[in-house]
Amino acid sequence: MRSFFVPVVLVLLVSCSGGGSSISKQLAGSDSLVINFNSPGSNTIDKTVTSTDATAIKKIANYVNSKTTEAYKCGYDGNLLFYKKGILTGDVSFNYSGDGCQHFIMTVDDKLSPTSMSNEAADFLKSLAEGKEWY
C-alpha cells in the first residue's frame, strides 16, 4: 500500500506545481488591458474601457482563468485584450448577458479554451458596460 501511495503523491505534487494553467501563463505579466463592449446583437464596438492598473488586470485575468466549460454558441458581448509591453498576449471574448451563456473563450496553444464566468465577473463587466467604474 505504501509503495502505491508515494508515487501517487509525487505525481500530484508535480502536476500541481506546474506554475499555473496555460491561460494564466499566457496572461501573466500583462501590463495593460482594453475591454471592448459590443452593441447588443452585433460585433460593432459600442464602448471601450482601458486600464493599466496591475491589480485590476490581475483580477480580470483571474476571472478568465476559471474552470473549463463547453463552447457556447450564444454570441459575445465584447472582448478583453491583454497586452504586455505593447504586444497582444490574449484576446478573450466574453458573454455576460445571456442566461446560461456566461463564459469566456480564447485561443490557447492553437485551441479554443472556453471557461466559465462567475456571477461576480458578470456583474463586474455589466457595471463597466453601464459606465460605472465600480460595482
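This is a predicted model: local features need pLDDT of at least 70, side-chain atom pairs count only at pLDDT 80 or more; totals for chains, interfaces and linings use all residues.
## The core

Which residues of the largest nonpolar core touch the most other members? They are Ile 35, Leu 80, Phe 82, Phe 94, Phe 104 and Leu 125, and the core they belong to has 24 residues. The elements that give two or more residues to this core are helix H2 (22-27), E1, H3, E3, E4, E5 and H4.

## The chain as a whole

The chain holds four helices and six strands, and their pattern along the sequence reads α-α-β-β-α-β-β-β-β-α. There are 135 residues, and buried ones make up 33% of them.

Two further values may be handy for comparison with your own models. Of the contacts between residues at least 6 apart in sequence, 53% join residues at least 24 apart. The accessible surface of the chain is about 8,500 Å², and carbon and sulfur atoms account for 55% of that surface.

## The sheet

The six strands form an open sheet in the order E2-E1-E3-E4-E5-E6, and the pairing is antiparallel. E2 and E6 are the edge strands, each of them pairing on one side only. From one strand to the next, the twist averages 20°. In general, strands of a sheet pair through backbone hydrogen bonds, either parallel or antiparallel.

Now for some of the pairings in detail. E3 and E4 run antiparallel and are joined by seven bridges. Along this pair, Tyr 83 stands opposite Leu 88 in E4, while Lys 84 stands opposite Ile 87 in E4. E3 and E4 form a hairpin with two residues between the strands, and there Lys 85 takes a positive phi near 55°. On the way to the next strand, E4 and E5 also run antiparallel, joined by three bridges. Here Asn 95 stands opposite His 103 in E5.

## Helices over the strands

Two helices can be followed across the sheet. H3 lies across E1, E2, E3, E4, E5 and E6, and runs at about 125° to E3. H4 lies across E1, E2, E3, E4 and E5, and its angle to E1 is about 75°.

## A look inside H4

Which residues of helix H4 (residues 119-129) are buried? The buried ones are Ala 121, Ala 122, Phe 124, Leu 125, Ser 127 and Leu 128. An α-helix has 3.6 residues a turn, so residues three or four places apart point the same way. The cover over the buried residues of H4 includes strand E1 (32-38), strand E2 (45-51) and helix H3 (54-64). That cover also includes strand E3 (78-84), strand E4 (87-95) and strand E5 (103-108).

A polar atom of the Ser 127 side chain lies 2.7 Å from the backbone oxygen of Phe 124. After H4 comes Gly 131, with a positive phi near 95°.

## The loop between E5 and E6

Where in the chain does Asp 109 lie? The place of Asp 109 is the loop between E5 and strand E6 (111-116), and Asp 110 lies in that loop as well. Asp 109 has a positive phi of about 55° although it is not a glycine. Asp 110, also a residue other than glycine, has a positive phi near 65°.

Conventions:
Residues are numbered from 1 along each chain as its sequence is written. Side-chain values use heavy atoms; hydrogens and water are left out. Buried means under 20% relative accessible area, exposed over 50%, partly exposed in between (1.4 Å probe, protein chains only). Contact means heavy atoms within 4.5 Å. Accessible areas come from the Shrake-Rupley method with a 1.4 Å probe; for residues, only the protein chains shown count as cover. A polar contact is a pair of N or O atoms within 3.5 Å; within protein, one must be able to donate a hydrogen and the other to accept it, and residues adjacent in sequence count only if both atoms are side-chain atoms. A nonpolar core is a set of buried Ala, Val, Leu, Ile, Met, Phe, Trp, Tyr and Cys residues joined through side-chain atoms within 4.5 Å. Two strands pair if DSSP finds at least two bridges between them. Axes are lines fitted to C-alpha atoms, for helices over the stretch in contact, and angles run from 0 to 180 degrees between N-to-C directions.
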